[in-house]
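Dear colleague,

I am passing on the structure we spoke about, and it is placed just below. Please look it over before you read my notes, which come after it.

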Amino acid sequence: MGKEDYGIWVQVFACSELLLSFTGLGFAFSLTRFYHARKQSGDFPRDMSAILALVAGSSIILGGLGFLASDAIALAFLGRSDAAVYLQVLFLFLPVSTLEHIVLSYYRASRQVEHHSVFLICESLLYVLLAIWWVQIGWGLWGVLWAMLSLRLLTLLVATWLLGRQAGWQLPDFSGMSMYLKYGLPVVPLGLFSWINNASDRFVIAHFIDVEATAVYAISYAIGSMVGFFFSPIFFVLEPKVTQLWETESYGALKEHFLYAQKYPLLVGIPFVAVAVSYSAQIIRVMVTADYAADPALIFLVAFGIISMNLSSLVVLVVGLLKKTKGLPFIYLLCSAANLGGNIVAVQTVGIVGAAWVTAGTYLLQLVLMLAYVRGHYRFPLNLAFLFRGLIAVLPMLLILSYCGAGSLLMNIAGIFGGGATYLVCLLALGGFEAREWALVRSTLRM
């Protein structure tokens, strides 16, 4: 499609994700907190009907307003009024996107990992295949847009049908919504603030440089942010579990869950970042073309920021357990202001690498503020011991990758396997694994 069309799509997609945080009314957050208690009381089917009715209404209203203002929004955020037609389609499909978001949150709240994973994997794979097909036959941006929206509609229909079979449908009862809204509404602004932290740099780059620079930045950002994939499965099962441990006052087990929720993503994430930075040029050539190549420091800074963001999200779980969500918007607002202001200055002075520096600094600030916020109520256990061991163990791996990276494809592959093996050996020598973890591995291998 080229850097210009891709740059436009990056911004259109960012606008789409921003809207979900408002139309969802915080229910995706509060569902996880109250699902088990409401299920045991038999109130959940009525609650779910009421939740879907409320988010459908909010998305229809906001979608209608956005459709009418699409020209002004496209000019203000995308810098070109001809992109308004893409936004109009997104606004028309906003109820579908919002309802899908809430319905999938049910599977997370009920800890149905297999169903949630199947829906996301199938939607993602089919989206890629359909988008490629429609772009190849000449649909361009329309092919990418319709592929995304049609798959969201299909996922919504299937997921809602299965939800009805599992939980049953009853007439909505809005009397219980105050509990959900009181807990969830304070986090609604977090969607806007998170969006500013995650996506405002693209718009600042497009405004002060051009959409081609936005496309180059987005590719490196995508590679660096892949380190977040290692946290995602942990988060899926962690929130319902820590809620259960908190309510049963199992504080020792709660601490261990938080420590291991940091250890295992970092165990894989640290060497991943080493490979992504060392082989950045090769990865970009495989993903797109050499035209999108950027400073490898950009990938490192983004990865550092994403790790900091995920660590701060672990602390947010504690905020939810304490039911002190009212203070979160102020922390996110401060970080968003620092991010936006920093990007405006950094992009003009340093370029796209400056945006990456600001991203890393913003998420580190967010982590520090979150730790300070909960400190008076719960001392969150940072796993600094494993982080230190991991950083020491990855140094020999970096040397191997830098040597092999200048060679052939076979040398590159050998560097990954050789560096990975060296990393594990060094981590073992530094005491990165406990005896009971080895017992778990041995018992798993005997299965």
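Predicted model: local features only at pLDDT ≥ 70, side-chain atom pairs only at ≥ 80, totals over all residues.

Residues are numbered from 1 along each chain as its sequence is written, and side-chain values use heavy atoms, with hydrogens and water left out.

**Salt bridges**

Side chains of opposite charge can pair when their charged atoms come close. A search of the whole structure finds three salt bridges, a salt bridge being a side-chain nitrogen of Lys or Arg within 4 Å of a carboxyl oxygen of Asp or Glu. R38 pairs with D47 at 2.6 Å, N to O, and R38 also forms a salt bridge with D43, where the closest N and O atoms are 3.6 Å apart. D43 in turn meets the side chain of R46 in a salt bridge of 2.5 Å, N to O. Through these shared partners, R38, D43, R46 and D47 are joined into one network.

As for their surroundings, I use buried for under 20% relative accessible area, exposed for over 50% and partly exposed for what lies in between, with a 1.4 Å probe and protein chains only. D47 is buried because its relative accessible area is 1%, and R38 counts as buried because its relative accessibility is 18%. D43 is likewise buried, at 18%, while R46, at 26%, counts as partly exposed.

**Empty spaces**

Rolling a probe the size of a water molecule over the atoms shows where empty space is left. The search runs on a 1 Å grid over the protein atoms alone: a cavity is a set of points where a 1.4 Å probe fits but cannot get out, a pocket is an open set with protein on both sides within 12 Å along at least five of seven lines, and lining residues have an atom within 4 Å of a point. Grid points are joined across faces, edges and corners, and a volume is the space filled by probe spheres set on the points.

The second largest pocket holds about 560 Å³ of space. It is lined by 23 residues, of which I270, F304, I307, L387 and L391 are the closest to its centre. Two or more lining residues come from each of α13 (251-278), α15 (296-322), α17 (352-374) and α18 (384-404), these elements being DSSP runs numbered from the N terminus (helices, H or I, at least four residues; strands, E, at least two). Helix α13 gives the most, with seven residues. By class, the lining has 19 nonpolar, four polar and no charged residues, where Ala, Val, Leu, Ile, Met, Phe, Trp, Tyr, Cys and Pro count as nonpolar, Asp, Glu, Lys and Arg as charged, and the others, Gly among them, as polar.

L267 also lies in helix α13, and it counts as buried because its relative accessibility is 16%. Although L267 and L391 are 124 residues apart in sequence, their C-alpha atoms are 10.0 Å apart in space.

The structure holds one cavity of 30 Å³ or more, and the largest cavity contains about 60 Å³ of space. Its lining includes F29, R33, Y183, E239 and L317. The elements that give two or more residues to this lining are α2 (27-41), α12 (232-247) and α15, with the largest share, four residues, coming from α15. By class, this lining has six nonpolar, three polar and two charged residues.

**Surface patch**

F208, I209, L340, I344 and V345 form a nonpolar patch on the surface, with about 390 Å² of accessible area together. Patches are made of residues with over 30% relative accessible area and no salt bridge, like charges being joined within 9 Å and nonpolar side chains (Val, Leu, Ile, Met, Phe, Trp, Tyr) within 5 Å; areas come from the Shrake-Rupley method with a 1.4 Å probe, and for residues only the protein chains shown count as cover. Helix α16 (residues 328-349) gives the largest share of the patch, three residues.

**Loops**

L25, in the loop between α1 (2-23) and α2, has a positive phi of about 55° although it is not a glycine. E249, in the loop between α12 and α13, has a positive phi near 60° and is also not a glycine.

With best wishes
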